[in-house]
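Hi everyone, thanks for making time for this. I'd like to walk you through a structure that may be new to you, so let's bring it up on the screen.

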Amino acid sequence: MTQYVNEQFELFREGDDLYDDMLAAIRSARDSVCLESYIFGADELGDAFVEALCDCATRGCRVRVSIDAIGSLGFAVSDGPEQLLNAGVELNWFNPPRFVSLQRLNRRNHRKLLVVDGEQAWLGGFNIHSECSRRLHGDGRWRDTQVRFGGQLARHAQQFFENIWAGNRRQVVVEPESSESIIISNHNWRQRHRYRRNLLNAVRQSQQRVWLTTPYFMPDRPTQLVMAAAAQRGVDVRLLVPYKTDRPMTQWAARAAYANLLAAGVRIFEYQPRLLHAKTALVDESWCTVGTANLDYRSFYVNFEMNLVSANFPLIKSLADDFRQDLEDAEEIIETRWSRRSIAMRVAEVIGWFARRYL
């Protein structure tokens, strides 16, 4: 199965299924479309989204698209932006390169979000580019995860979009106290570290399992200590990361953390077949997250991110099934073998670790 459906959530792990669903929703939109993407490809998939967004705007819907200027440099110099603007699409480039401070330029909008009519939202790791499509990229397409939801959660997601769009980073979205699921966005200083705190608190309270999937693993010291402590008290702590990567230096940095975690009893697996880009976490059978944040310095402290955090049991079960399936295509890192890695690998790890804040 490529997707799972329950009464609140639809979970996608194949890009073709996700993009078909998103494009169908854009084409049938009645009032509004809000889209954020870190990467918007100047490719066949990007062209399909440009066409759907333009058609939607010409039908009279308000269509707003926010694209990260660094993540989508290729699209910026293509014909796509002009097509969008000519059709009446409102287009915003997040932090374009210009004479600004390096600190500001370093901060990127890493969110991947679509909200249609304020009623349905799609959130997760999928960018809009052909690398995630089996039809366009073949069997080597990226492995990712995205979740669709509606109702109050979708309206909250749209409010977070509005905050970034308007540059209003002080406003806080009010959540129901008894909500089973929430959206966490780090768009202002008050909520800057909320996702990290939420994740670490869940791991601290774990009793049975902590299963983490991330494409970029460059954890700060407190995160490593919390993971190690959970493993040492008998929790099944597993980390799934990619063997294949689009950024070799980030893999060097990730591997610099392996030795201490392995010594504490954390089990580490490298996904073999293709590039793993999913960002999910499971704690026991009562907590899960799907979203855009990696387990790295940039997501914790620098970039704008958004995650769904939920106690919804069917969603937790679906994510656990995905995790088990991915482990079948992963190779476990064994501590005794890892301790015999080459000097060249150790040197690369040191280089990656010292560069981790800028990767």
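One thing to keep in mind throughout is that this is a predicted model. Let's begin with the cysteines. How many disulfides does the count come to? The count comes to 0 disulfides. As a reminder, a disulfide is a covalent bond between the sulfur atoms of two cysteines.

In soluble globular proteins, nonpolar side chains tend to be buried together. Here, the largest nonpolar core has 36 residues, and Val33, Phe40, Phe49, Leu53 and Val63 are the ones with the most contacts inside it. Which elements give two or more residues to this core? They are helix H1 (15-27), strand E3 (32-37), helix H2 (44-58), strand E4 (62-68) and strand E6 (113-116). Of these, H2 gives the most, with 8 residues.

Let's zoom in on Phe40.

H1 has 13 residues and reaches 18 Å from its first C-alpha to its last, close to the 18 Å expected at 1.5 Å a residue. Its buried residues include Leu18, Tyr19, Met22, Leu23 and Ile26, but also Asp16 and Asp21.

Next stop, Leu91. You'll find Leu91 in strand E5 (residues 90-94). Leu91 counts as buried, at 18% relative accessibility, because the cut-off for buried is under 20%. Which residues does Leu91 touch? Not counting residues up to four places away in sequence, Leu91 touches Val65, Ile67, Pro81, Leu84, Leu85 and Trp165. Leu91 is also 25 residues from Ser66 in sequence, with 6.0 Å between their C-alpha atoms in space.

Last, the empty spaces. Rolling a probe the size of a water molecule over the atoms shows where empty space is left. The count comes to 6 cavities of 30 Å³ or more, and the largest cavity has a volume of about 70 Å³. Its lining has 13 residues, with Asn186, Arg192, Tyr195, Ser299 and Glu305 nearest its centre. Strand E9 (181-185), helix H8 (194-204), helix H12 (297-302) and strand E17 (306-310) each give two or more residues to that lining.

Then there is the second largest pocket, which holds about 200 Å³ of space. Among the residues lining this pocket are Tyr243, Arg255, Glu270, Trp338 and Met345. Strand E18 (330-333) and helix H14 (335-338) each supply at least two residues of the lining, and E18 gives the most, with 3 residues.

How values were computed: Residues are numbered from 1 along each chain as its sequence is written. This is a predicted model: local features need pLDDT of at least 70, side-chain atom pairs count only at pLDDT 80 or more; totals for chains, interfaces and linings use all residues. Side-chain values use heavy atoms; hydrogens and water are left out. A nonpolar core is a set of buried Ala, Val, Leu, Ile, Met, Phe, Trp, Tyr and Cys residues joined through side-chain atoms within 4.5 Å. Buried means under 20% relative accessible area, exposed over 50%, partly exposed in between (1.4 Å probe, protein chains only). Helices (H or I, at least four residues) and strands (E, at least two) are DSSP runs, numbered from the N terminus. A disulfide is a pair of cysteine sulfur atoms within 2.5 Å. The expected span of a helix is 1.5 Å times one less than its number of residues. On a 1 Å grid over the protein atoms alone, a cavity is a set of points where a 1.4 Å probe fits but cannot get out, and a pocket is an open set with protein on both sides within 12 Å along at least five of seven lines; lining residues have an atom within 4 Å of a point. Grid points are joined across faces, edges and corners, and a volume is the space filled by probe spheres set on the points. Contact means heavy atoms within 4.5 Å.
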